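Welcome to my notebook. I opened this structure to look up a few things, and I am writing them down as I go.

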Amino acid sequence: MSLIAAEAGNGQRAAVAELREVTRRFGRRTVLDRLTLRVGRGELFGLLGPSGSGKTTLIKLITGIDKADGGTVELLGERMPKLSMFRRFGYMAQSDALYNELTAKENLLFFASLYGLKGVKRSERIQAAAAVVDLLDHLEKPVAAFSGGMKRRLSLAIALLHEPELLVLDEPTVGIDPVLRRSIWQELLRWRDSGTTIILTTHVMDEAEHCDRIGLIRDGRLTAVGSPGELKARAGAQTIEEAFILLGGGDRT
Amino acid sequence: MRTRALAVRIIRQFIRDKRTLALLFAAPLLVLTLVHFVFNGQTVKPHIGTVQVPAPLTERLEQAGADVRSFDTAEQAEAEMRKGKLDAIVSVRGGVPSILLEGSDPSVSKAALLAIQQTVQSVAGGAGVQPAVSYMYGKESLTSFDSFGPVLIGFFSFFFVFLLAGVAFLRERTTGTLERLLATPIRRTELVAGYLSGFGLFALLQAALIAWFAVDVLGLYMEGSIWLVLLVNLLLTMTALTLGTLLSSFAGNEFQIIQFIPVVIVPQFFFSGLFNLDAMEPWLQNVSYVMPLYYGADALRGIMIRGEGLGDIWADVLVLLGFSAAFALLNVLALKKQRPI
């Protein structure tokens with residue numbers, strides 16, 4: 001707990017997401033247990049943890065798709081969940097939620113319209129988002145003909161359509177080959193540098209090295225929060241993986 | 001060994017899937033029970049009105065098992081027939097008995113006609129008195145298909161739209177696109193309205209095609225307005241659409257949507273008026289009032305066989321609108337399960 005307290009000072013920047021004592025239960029199972037977290041503006045924040053640790057549940061609470069049983073979630077200063085907040089962030093779900101019968105462009109058109117984009121502006125944004133993920137040449141193809149990596153990129157493009165100030169990405173690089181993973185990370189870092197706040201989840205340890213700060217999550221609790229360097233130093237470890245095992249409660253070793 | 005492993009696996013899966021198991025055993029019993037009540041109920045009494053006929057004839061009709069009511073004028077009797085209370089009217093004109101049949105259901109008409117003819121013959125002492133027969137609706141050549149047809153049009157529209165909408169909405173949920181959709185600023189009401197308009201277009205096209213094919217190609221008897229038929233069919237499919245999407249929230253996969261057929265669709269078929277509801281126990285007849293298809297079929301029959309206008313079927317139209325609105329509202333509420341706001 002002292003580790004988390006020490007990190008509270010890191011949020012000198014205005015908070016984008018502020019979670020206090022958040023608890024979420026499904027039936028008798030407690031998936032998130034009094035979790036407190038603050039993500040500052042312009043940060044690239046990674047939630048690192050094994051599958052089933054509560055990462056996706058946490059993401060759903062931050063975005064307002066789900067509601068906490070206890071505690072409070074604030075996003076960009078607004079108490080969540082709130083309908084109008086859905087236009088303030090771009091979201092990419094863990095599974096590629098795309099319409100396979102439609103072309104990439106039709107998928108982009110559909111989601112752009114849901115975000116209230118229309119006319120010339122909509123066409124511009126579709127072209128721009130497709131260019132970022134390198135799908136311009138494949139816009140007219142039905143998604144059913146896409147490879148796994150192309151679907152992932154299209155999902156990312158959808159998250160970027162309305163130029164959100166915050167990106168919430170659930171496992172953006174899962175199932176993607178190393179080359180594509182690197183190019184996606186280059187994009188993420190570029191957006192971070194241009195001022196976009198990014199919250200993402202991952203269970204790939206070496207990806208965490210790219211984040212400004214990492215939250216280690218295990219069994220519904222944040223076991224440590226800090227920059228990759230800080231966490232390694234604190235654990236006296238060489239790698240994030242070692243730090244994760246040492247700081248995350250060595251109950252599995 | 002391997003066969004056994006496979007058999008054991010299938011048995012385990014069955015035991016795990018309680019709903020399928022319940023359906024496997026309970027659904028046939030439910031459907032059989034329905035069939036039992038529909039076909040093994042009370043005998044149907046022809047409802048016959050008499051206009052100033054000799055008392056002996058009335059008595060004989062009653063003895064023949066008919067439900068007989070006497071009227072002073074033909075107008076009064078015909079008014080009752082228009083309300084659907086009489087199957088036949090017997091009057092005597094110039095010494096010759098004349099029979100007016102309601103005519104929308106050939107089997108009912110035949111039963112009434114038979115009872116009357118036998119009675120008239122016996123009263124007249126077997127002499128060659130041929131009663132003059134006329135029809136209020138339909139005609140003598142009205143076939144069983146003409147009588148079922150309107151109900152079948154409604155039934156098939158309902159059935160296919162229900163399945164289609166249920167599976168489509170289920171897929172939206174299981175492929176994750178519903179969750180993705182709900183991570184955008186869309187309102188739950190907008191989502192339901194979108195589904196209604198998108199599917200509504202195809203439901204309307206389907207209704208138009210079915211009606212056109214039945215009337216123009218198959219020669220189904222058609223007395224009323226085709227536009228009213230389309231209106232009623234559209235409302236019926238809207239009910240099917242909203243009910244299908246609503247029930248899909250309670251299904252985990254396509255198979256479980258199919259399982260709704262014996263529970264939701266088959267009972268409606270039995271209560272749609274395809275089988276004579278008068279033959280059922282009175283308490284059971286009331287069940288038809290909660291079946292959307294009953295109202296749709298009633299309106300379609302009215303329009304197509306009796307040439308009824310909007311003024312005659314407005315109650316059915318309102319009930320169908322009410323069903324659609326109620327199911328749509330429940331859909332909006334059920335979506336709360338996916339997103340709390």
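Which side chain of chain B does Lys60(A) meet in a salt bridge? I looked it up and found Glu179(B), with 3.4 Å from N to O. My rule for a salt bridge is a side-chain nitrogen of Lys or Arg within 4 Å of a carboxyl oxygen of Asp or Glu.

**Ground rules**

I am reading a predicted model, where local features need pLDDT of at least 70, side-chain atom pairs count only at pLDDT 80 or more, and totals for chains, interfaces and linings use all residues. Residues are numbered from 1 along each chain as its sequence is written, chains are lettered from A and ligands numbered from 1 in the order in which they are written, and side-chain values use heavy atoms, with hydrogens and water left out.

**Confidence in chain B**

I checked pLDDT, the predictor's confidence in each residue from 0 to 100. Chain B averages 86, and 98% of its residues score at least 70. Within chain B, helix α12 (residues 282-285) has the lowest mean, 78, while helix α14 (residues 310-334) has the highest, 94. Helices here are DSSP runs of H or I with at least four residues, strands are runs of E with at least two, and both are numbered from the N terminus. A reminder to myself: where pLDDT is low, the predicted coordinates should not be read in detail.

**Where the chains meet**

I counted contacts, meaning heavy atoms within 4.5 Å. On chain A, 25 residues are in contact with 18 residues of chain B. The area buried between the two chains is about 1,800 Å², and carbon and sulfur atoms give 66% of it. Buried area is the accessible area (1.4 Å probe) that two parts lose on being put together, summed over both. Ile65(A), Leu83(A) and Leu114(A) supply 31% of what chain A buries against chain B, more than any other three residues.

Between chain A and chain B I find 2 salt bridges. Besides the pair I started with, Arg171(B) forms a salt bridge with Glu101(A), their closest N and O atoms being 2.9 Å apart. Arg171(B) lies in helix α6 (residues 144-174) of chain B and Glu101(A) in the loop between β6 (89-92) and α3 (104-114) of chain A, so this pair joins two chains. For exposure, I call a residue buried under 20% relative accessible area, exposed over 50%, and partly exposed in between (1.4 Å probe, protein chains only). Arg171(B) is partly exposed at 40%, and Glu101(A) is exposed at 54%.

**Pairs within one chain**

Over all chains, I count 27 salt bridges. How far apart are the closest N and O atoms of Arg190(A) and Glu187(A)? They are 2.8 Å apart, and the two residues form a salt bridge. Both lie in helix α6 (residues 178-193) of chain A, 3 residues apart, about one turn of the helix. Arg190(A) is partly exposed at 48%, whereas Glu187(A) is buried at 18%.

Glu80(B) is buried at 13%, but Lys83(B) is exposed at 56%. Glu80(B) is found in helix α4 (residues 74-82) of chain B. Leaving out residues up to four places away in sequence, Glu80(B) touches Arg69(B), Phe71(B), Lys85(B) and Leu86(B).
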